[in-house]
Amino acid sequence: MDFSFTEEQTLLEDSVAKYMQNDYGFDDRQKLVKSELGFSAANWSTFAELGWLGVAFAEADGGFGGGAIESMLMAENFGRGLVVEPYLATVVLAGGAIKHGGNADQKARYLPGIIDGSTQAALAYAEPQGRFNLSDLTTKASKSGDKYTLDGYKAVVMNGPAADLLVVTARTSGDQRDADGVSAFVVDANADGVTRRDYPTVDGMRASEVTLEGVEVEADALLGTEGQGLSIVEQAIDEGILAVGSEAVGCMEVLYKDTVEYCKTREQFGQPIGKFQVLQHRMVDMFMEHEQSKSLMYMAAMRMDEGYGAAAQKAVSAFKVQVGKSGRFVGQNAVQLHGGMGMTDELNIGHYFKRLTIIDTLFGNVDFHLKRFGRL
Amino acid sequence: MRRELSGPETTFEREVQAFLDAHWGPHGTAGGADEESWRRALVERGWSVPTWPAAAGGPGWSATQVFIWRRACAARGVVLEDDAAVDIVGPLLLRYADAAQQARYLPEIRNYECRWCVGVAEPESGDDWSAMSTLAAQCGAGFELNGTKTWVRDGLHAQRMCCLARIDSAGSQGLFAVDMAAPGVTIASIATLNGDAGMAQVTLDAVQVPADALFAGPLEAGELATLLYASESSTLSRSAVAAAQLDVLDEVIETFDRSDSIHQRRQAVAVELEGLKALELRFLDARQRRQPLPFSLELLRLKSREILLQLGALQVESFGYYALPYPDETLLHNEGPIGPANAAATIRQTLTQQVAAIYESSAERLKDAAWRGINTEG
């Protein structure tokens with residue numbers, strides 16, 4: 001057993017942490033949230049120049065061959081900075097699906113653009129009726145000759161508005177909820193028949209409702225084997241959970257530390273409110289939730305790096321359960337202890353709270369992952 | 001980063017399993033060598049005092065080896081509560097006592113020839129160490145002790161007490177080795193809610209001890225709180241104890257209560273337990289690599305007691321009516337179990353958990369201590 005990081009991992013973490021501290025101020029972030037694009041194209045180029053967009057991909061594909069630990073370290077720091085750039089959607093989710101399902105040609109076609117920052121992508125997997133069930137699909141893809149035709153509707157596609165590429169799940173056979181018969185396709189987001197309704201999300205990001213009407217794609221848009229796409233998406237989603245969970249750990253750290261600082265300086269009833277035992281104990285609870293989440297984050301990342309399978313999935317679900325519970329507790333109490341300031345739009349606290357709230361829902365909430373944990 | 005044990009640690013774990021096979025009972029059974037032969041085997045193997053260095057007669061294990069040992073023991077139901085002499089007094093002697101005192105006390109602890117109890121709490125001072133009034137006054141070449149110690153675990157059976165007493169008017173405290181058979185020592189039994197006999201109130205009325213009975217001090221009030229309430233090694237193995245309790249719960253659920261609700265709550269505790277395991281490993285890893293600890297030991301104590309109490313409550317709940325029978329050992333022995341075979345033992349264990357949670361002081365005091373850890377960080 002050894003929980004230390006390699007030199008390369010430490011360098012990567014330092015580089016992301018420094019950028020967040022020096023070049024990613026909260027006020028700038030708020031301006032980005034209100035901007036037309038919703039994030040900074042300049043930041044995105046810098047991410048690419050620093051090599052961050054390639055960390056998750058194999059060296060053979062032009063990346064740096066990083067694994068779950070690297071992804072975790074980056075995401076934790078993105079969480080501290082409350083980053084709005086679409087790393088999750090482009091690299092982890094859409095990039096992940098292409099990485100796991102794509103053949104050599106497909107990887108060569110799509111990944112270089114993701115790694116050099118020129119391509120924005122999104123994973124269109126959710127549907128209104130399906131909730132967190134990845135195989136509950138009404139979107140259909142039918143094959144005729146060398147082409148597939150996609151028809152259907154995809155819900156809350158994160159980074160949909162900026163995406164050049166969509167990785168879309170659709171049913172090629174079977175009944176609505178069957179695990180078999182799910183296929184994943186890479187679709188040009190601007191193709192004929194693709195309509196996007198774009199909107200901002202609660203946590204300051206952007207998403208789209210995507211309608212597909214008679215969208216034609218070539219046969220080589222299919223990732224992996226026809227009908228066997230569920231496992232591709234499932235793995236990308238589990239990596240997504242590790243990423244957003246790590247983000248949540250970063251958010252929680254900021255919240256409890258800021259709360260401790262605030263309680264040391266805010267005076268009420270003739271003394272700093274941090275002198276009150278009831279508040280001290282609340283902050284101990286917040287600290288504990290953060291540490292417990294962080295510990296399960298390490299376990300999930302190590303399991304993922306040992307190989308993707310039931311043990312890794314179980315560890316990821318345990319982590320997600322913890323992050324959901326802890327995130328709510330830490331978020332609510334940070335707002336509570338900051339009092340009036342905690343509920344303003346001006347202070348960062350409320351924005352961390354909103355991100356944590358959304359992270360609990362993403363990819364399945366506490367109940368969903370508690371059940372999955374029990375099944376595995 | 002990696003979770004697995006290193007090669008030598010894996011070899012060590014196999015050695016431990018082989019020892020347990022030979023002297024406790026095969027894996028998966030309830031175990032149960034008789035206490036006498038179990039202890040003899042431990043002494044002969046040199047494993048009777050797991051946390052002690054080799055120079056003091058211990059095995060000289062690393063923190064990880066101690067962890068592996070305790071985890072393996074917990075999985076077989078070997079009782080893992082702190083042994084006052086081995087786990088609490090021994091480390092204190094090693095840290096504070098002079099060579100002559102160590103030579104006198106350590107070997108008999110190592111060979112299980114002397115039972116100790118620890119006298120800290122007093123009727124008027126529970127967790128408030130500055131309010132302790134037991135006084136050791138200079139008297140000729142030695143000291144005279146006066147005061148009352150209460151909630152003394154194993155006080156009825158111990159031969160010696162590690163007694164915390166004030167040694168001057170400024171409030172400095174010291175630790176004394178007090179012979180329980182000395183004139184002026186009165187021992188009164190205190191019955192506890194888990195039916196455990198052994199806890200005592202110990203009154204010291206002009207008890208004369210030699211100068212070298214003082215083996216630690218002067219200390220500031222509360223300085224030793226973390227060490228005297230429970231040992232670090234037992235704290236670090238609570239997840240293993242809880243894992244064994246989770247297995248018991250699963251058996252009970254399987255037989256008596258297959259409701260969705262109990263399953264859901266079982267999963268919730270299981271996730272908490274995964275968290276505790278991971279917390280323990282992080283603490284241990286920091287110890288092993290001599291890095292700053294990521295959080296204080298109190299945090300692990302808070303979390304583990306929470307989980308153990310939850311598990312106990314779920315066990316009791318899922319037994320339904322068979323949570324009621326409370327036969328004593330004799331009745332059980334003569335007439336056999338009432339209802340499910342493990343019910344009585346499980347309920348008793350749950351009650352013991354509730355008692356044990358108090359041994360290492362209130363959750364509130366633990367949170368006070370944890371707060372001091374957080375507050376000094378920034």
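Start with B:Cys114: its sulfur sits 9.7 Å from the closest cysteine sulfur, that of B:Cys117, which is too far for a bond. A disulfide here is a pair of cysteine sulfur atoms within 2.5 Å, and by that rule the count over all chains is zero. B:Cys163 is in no disulfide either, since the nearest cysteine sulfur, in B:Cys162, is 7.7 Å away. (Buried means under 20% relative accessible area, exposed over 50%, and partly exposed in between, using a 1.4 Å probe and protein chains only.)

A word on the ground rules. This is a predicted model, where local features need pLDDT of at least 70 and side-chain atom pairs count only at pLDDT 80 or more, while totals for chains, interfaces and linings use all residues. Residues are numbered from 1 along each chain as its sequence is written, chains are lettered from A in the order in which they are written, and side-chain values use heavy atoms, with hydrogens and water left out.

Now look at where the chains meet. The contact (heavy atoms within 4.5 Å) takes 37 residues from chain A and 38 residues from chain B. About 3700 Å² is buried between them, with carbon and sulfur atoms giving 65% of that; buried area is the accessible area (1.4 Å probe) that two parts lose on being put together, summed over both.

Five salt bridges run between chain A and chain B, a salt bridge being a side-chain nitrogen of Lys or Arg within 4 Å of a carboxyl oxygen of Asp or Glu. One of them pairs B:Arg3 with A:Glu306, the closest N and O atoms being 2.8 Å apart. Another joins B:Arg282 to A:Glu291, also with 2.8 Å between the closest N and O atoms. This pair crosses from helix α9 (residues 260–288) of chain B to helix α8 of chain A; helices are DSSP runs (H or I, at least four residues), numbered from the N terminus. Both ends are tucked away: B:Arg282 is buried at 8% relative accessibility, and A:Glu291 is buried at 5%.

What about salt bridges inside chain B? B:Arg39 and B:Glu35 meet at 3.6 Å, N to O, and both lie in helix α2 (residues 35–45), four residues apart, or about one turn of the helix. Here B:Arg39 is partly exposed at 23% and B:Glu35 is exposed at 54%.

Definitions and conventions:
Helices (H or I, at least four residues) and strands (E, at least two) are DSSP runs, numbered from the N terminus.
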